Structures are given as C-alpha cells and as structure tokens.
Amino acid sequence: MKMIVGLGNLGREYSRTRHNIGFICMDALADKYDLTFTQDGAHHAFVATWWYEGEKVLLVKPTTFMNDSGRAVRPLMDYYHLDLADVLVVHDDMDMTLGKLRLKAKGYAGGHNGIRSIASHLNTHEFNRLKFGISHPKHSKQAVIDYVLGKFGPDEEDALQMGVNKAVQVFEDFATGDDMATLMNRFN
C-alpha cells in the first residue's frame, strides 16, 4: 500500500491558490481516474482510494490546514502501517519556476510550515516529497503570504497544467513501486 499526500488549505478562499498545489494535483489525479474523496474525520483528512496496477494507494488531502499537516499524516501512516518509503508528500515551492517539479527523499522544511509539521510528527526529515514550483514574487512588491495565498493568473495556466500533468505521471510511477532513486533519475 502507498499513500500520496497533497498539502493545502480547505475553503473556497484557498481554492486554486499557489499554496494549494498539493490539493490541485490530488484533484487532477482523482479526476483522471474518476475517484471521489470522502471525509475521514478520525484522521483529519479527505481520502480517496485508488487502485493502480494492483497497488492500493490512498490519496490524502489533510483537513488540518497547511501548518498542521502532520496531525493528519502520522495517524494515517500508523493506522495503515505504512513505512516512510511508501509515502509521498506534494507541496508548493517558491524557489522553483512555475510547473517545475523536483523529487526529494529527504531534506529540511526550508520555511515550509506544512513540511515542518510533518517532520515534527514523524520525528524525521527523511520522507519523500514532490516539490512543485510556484515561482517567487521577486519581481513584485507583493508580500510572500499574499503571493502564496493568491490564485494563479490566466498567463500561468499553461505552465501550471504542464506541471500538474507531469505530477500525475510521477504518482503513477510511484504507485507501481518505483523507488525514489529511480523516480528522481526519471523526473528531476
């Protein structure tokens, strides 16, 4: 069994924002395979079950808000007896251009509070991540918080969609059992 966690915030005001790229990727995968998320209140998440080439994969959107994502991830891992190698966390990264993806098997939070929360709850920084570039507002006077909570503009749609499509390919390959070293060689 595998688990893919998309980070984001619940609520209409956060829908399609840069910080919600994890939710956007989870929704794209669910749309492609006609999956439905249902609320799992005991584990503070919306969860969809995806069977892909014989592998059961949980798709998870935490309901804890970004900064407390670990409160959903750790209990789900414990409940399903998942190893760290069987979990992939998808999150936004301002230090990469929009749509660029980078897989990592470990690393520090780099200022990302959702990753910091997961590392704290797991007691390790060694868990799989798919970083999704959202670009940085360096050419703008817009504050970082306003930028990450801002919605993608029409001029960003092509790069966004290309990145989401590539993320879905990563999820498919992860589900088939490819290890992180193989995935990093293929997609980074």
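Student: Which residues in α5 do the residues of α1 meet?

Tutor: This is a predicted model, in which local features need pLDDT of at least 70, side-chain atom pairs count only at pLDDT 80 or more, and totals for chains, interfaces and linings use all residues. Residues are numbered from 1 along each chain as its sequence is written, and side-chain values use heavy atoms, with hydrogens and water left out. Contact means heavy atoms within 4.5 Å, and helices (H or I, at least four residues) and strands (E, at least two) are DSSP runs numbered from the N terminus. From α1, Ile21, Ile24, Cys25, Met26, Ala28, Leu29 and Lys32 meet these residues in α5: Leu160, Val164, Ala167, Val168, Phe171 and Glu172.

Student: How many residues of the contact of α1 with α5 are nonpolar?

Tutor: Ala, Val, Leu, Ile, Met, Phe, Trp, Tyr, Cys and Pro count as nonpolar, Asp, Glu, Lys and Arg as charged, and the others, Gly among them, as polar. In this contact two residues are charged and no residue is polar, while the nonpolar ones number 11.

Student: At what angle do α1 and α5 pack?

Tutor: Axes are lines fitted to C-alpha atoms, for helices over the stretch in contact, and angles run from 0 to 180 degrees between N-to-C directions. The axes of α1 (residues 21-32) and α5 (residues 157-175) are 9 Å apart, and their angle is about 65°.

Student: Why are α5 and α6 described as roughly antiparallel?

Tutor: Angles under 35 degrees count as roughly parallel, over 145 as roughly antiparallel, 65 to 115 as roughly perpendicular and the rest as oblique. Helix α6 (residues 180-187) packs with α5 at about 150°. The pair is therefore roughly antiparallel.

Student: What is the arrangement of the rings of Tyr33 and Tyr52?

Tutor: Rings of Phe, Tyr and Trp (its six-membered ring) pair if their centres lie within 6.5 Å; planes under 30 degrees apart count as stacked, over 60 as edge-to-face and the rest as tilted. For Tyr33 and Tyr52 the centres are 5.8 Å apart and the planes are at 75°, so the arrangement is edge-to-face.

Student: Is Trp50 buried or exposed?

Tutor: Buried means under 20% relative accessible area, exposed over 50%, and partly exposed in between (1.4 Å probe, protein chains only). Trp50 has a relative accessibility of 1%, and therefore counts as buried.
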